[in-house]
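This report describes a protein fold through its overall dimensions, its helix packing and a selection of individual residues. The sequence and the structure are shown here for reference.

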Amino acid sequence: MPELHQSIAQHYHERTKYDPETISAKNKGLDWAKQPVPFKEYKIGSTFDLKPYIKEKPTSFANNSEAQWWQRLSRLLFCSYGLTARMPSMGSTVYLRAAPSAGGLYPAEMYLLSRGTQLLPPGLYNYQCRTHSLMHYWESDVWQKLQSACLENSSLQNAQLAIVITSVFYRSAWRYEDRAYRRICLDTGHLIGNIELAGALTGYRPHLIGGFVDEDVNELLYVDIKQEQAIAVIALADLQDSDSVNSSLRDRQNVRGGNTALPSTTQTDYPRIPDGELLNYFHCATQIQPSAKEKLNLPQVKQDKSIEDKYNFSFCDKISTVTKPIDWGKKLEGLEESILKRRSTRAFSGEALQFDELKALLDFTYQPQNYTDQNNESSPDYFDLNLIETFIAVSEVEGLERGCYYYAPSSQELRQIRFKNFRRELHFLCLGQDLGRDASALVFHTADLKTAVAQYGDRVYRYLHMDAGHLGQRLNLAAIHLGLGVSGIGGFFDDKVNEVLGIPSDEAVLYITTLGKPR
């Protein structure tokens, strides 16, 4: 039976840990005859072709406001989840996209909802990345239902467009089984990171909404909930529209209406759940129910210690990471290039990173205020970064001693907590992947899951992994821009990470990003 008083989020995390003694026995192998197709098709609907606008430079439409609008939307979608390469694999073709996905499985679907503009009729649209087009599969006024489902979140008040990200669970579960939910949420975080940065390129300010009534959003999209469910909503404030800009500014001050994250219930009374059914059961357990519409007050649960205060001991070496921000070039040209050419590094050379390179990566990832301009009035949305902790295992960084460091984002400093060369242990805990052994540094994102559940209920498991994926995507793009190698790892021996890093055993490990020089 589940441990007494352990919430379903804690139970799920424990049940889906990889352990050296049981991982082989649990591996059932892949059934290639049942390999999922990572695309959604519609038999009925009208198509809006976005390809003409992505092929032309922005200056090509200088005197055509209608074409400019379409081009901005086209670039936003392409830089978020567009198809960036085709690769042959096992006799078929693998399509790579702008956002990374574990195993190249792409469980996310991206929907665009229009309130109704002069150029885009009201209704529901699915982004078809293979053809870079929008499939308009439902034409009606959907906005009022969206606002109601999102508990009247004020960021939707003057927006004309919104994105809903769903997950087709089987696409990832086919390979990763019940643990797939972790990767699904990380992948969603990668996509959210891309949408946020693509918005900076195209004049949109995305507002992240994690608090919504799941059942209502799923019904609105007409998805088959046995296969696919909504996982995040994003309102798009058009920064070239004055009403949208003013609304966007108000949202940052409107605590109740503009909350990015809202809590769900905490479930401690649940049955025995068979392997293979845990993912779906857990996702449903984290939903906000329709009855919650009158209960929007967040519980006042505070962490014992701020993440900024952790490991702030007098005997810890404290090393500043303050540095000059990365120059992305005129109109962020380097950012768009990095998004479109991003690939996960397959092998590292083992050569050392420079400390200045590591500082630049941390700066872009954790100090977004250094990269916002006058048109993008605030830092990007996260669900709650106060819950995410960052540790860095240094194997070969010129100017830094080998060992484990805690990163304090507000102070912008590394605090050394362990002195050791971890290469052998890192190789092992990354399931024997050479990336762990040969990387110059590994960034670990972790969270105190018990405290997080007390604050947001079991739904916090989504928030934690999406935030970790968002941070990981910023690391990805900064590394690509600097010519470095980078690869995310969602599969690891959980408890061994805590042991090697010397962190409490109840700290949940969310994600690993490996950094180094590509071979």
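## Overall architecture

The structure is a predicted model. The protein contains 17 helices and 18 strands. Its radius of gyration is 22 Å, close to the 24 Å that the globule rule gives for 519 residues, so the protein is as compact as a globular protein of that length. The C-alpha trace spans about 60 × 55 × 55 Å along the principal axes.

Of the 519 residues, 58% are buried.

## Helix α7 against helix α16

Two packed helices are described by the angle between their axes and the distance between the axes. For helix α7 (residues 180-202) and helix α16 (residues 460-481), the axes come within 6 Å and cross at roughly 50 degrees. An angle of that value makes α7 oblique to α16, and the crossing of the two helices is right-handed.

On the α7 side, the contact is formed by Y181, R182, C185, L186, T188, G189, H190, I192, G193, N194, E196 and L197. The α16 side contributes Y461, R462, H465, M466, A468, G469, H470, Q473, R474 and L477. By class, this contact comprises 9 nonpolar, 9 polar and 4 charged residues.

## Helix α7 against helix α10

Helix α7 also packs with helix α10 (residues 278-285), at an angle of about 55 degrees and with the axes 9 Å apart. This makes α7 oblique to α10. The contact involves A180, Y181 and I184 of α7 together with L279, F282 and H283 of α10. Its composition by class is 5 nonpolar residues, 1 polar residue and no charged residues.

Y181 of α7 is named in the contact with α16 and is also listed in the contact with α10.

## Helix α6 and its surroundings

Helix α6 (residues 169-176) includes S172. The buried residues of α6 are F169, R171, S172, W174 and Y176. These residues pack against β4 (108-114), β7 (161-168), α7, β9 (228-238) and α10.

S172 has a relative accessibility of 2% and therefore counts as buried. Setting aside residues up to four places away in sequence, S172 touches L105, P107, E177, A180, R183 and I184. Among these partners, A180 and I184 also belong to the α7 side of the contact with α10. E177, another partner of S172, comes just after α6 and takes a positive phi of about 55 degrees.

## Strand β8 and P206

P206 is located in strand β8 (residues 204-209). With a relative accessible area of 9%, P206 is buried. The C-alpha atoms of P206 and I192 are separated by 9.0 Å, the two residues being 14 residues apart along the chain.

Leaving aside neighbours within four places in sequence, P206 is in contact with I195, E196, G199, I234, A235, L236 and D381. One of these partners, E196, is also part of the α7 contact with α16.

## Residues with positive phi

Most residues other than glycine have a negative phi. Y311, which is not a glycine, has a positive phi of about 55 degrees. Y311 is placed in the loop between α10 and β10 (318-320), and its relative accessible area of 16% makes it buried.

L431 is likewise a residue other than glycine with a positive phi, here near 60 degrees. This residue is found in the loop between α13 (423-429) and α14 (434-438). L431 has a relative accessibility of 32% and so counts as partly exposed.

## Helix α17

In helix α17 (residues 494-501), the buried residues are D494, V497, N498, V500 and L501. The helix is followed by G502, whose phi is positive, near 75 degrees.

Note on methods: Residues are numbered from 1 along each chain as its sequence is written. This is a predicted model: local features need pLDDT of at least 70, side-chain atom pairs count only at pLDDT 80 or more; totals for chains, interfaces and linings use all residues. Side-chain values use heavy atoms; hydrogens and water are left out. Axes are lines fitted to C-alpha atoms, for helices over the stretch in contact, and angles run from 0 to 180 degrees between N-to-C directions. Helices (H or I, at least four residues) and strands (E, at least two) are DSSP runs, numbered from the N terminus. Angles under 35 degrees count as roughly parallel, over 145 as roughly antiparallel, 65 to 115 as roughly perpendicular and the rest as oblique. A crossing is left-handed if the near helix is turned anticlockwise from the far one by less than a right angle, and right-handed if clockwise. Contact means heavy atoms within 4.5 Å. Ala, Val, Leu, Ile, Met, Phe, Trp, Tyr, Cys and Pro count as nonpolar, Asp, Glu, Lys and Arg as charged, and the others, Gly among them, as polar. The radius of gyration is taken over C-alpha atoms; the globule rule is 2.2 Å times the number of residues to the power 0.38. Buried means under 20% relative accessible area, exposed over 50%, partly exposed in between (1.4 Å probe, protein chains only).
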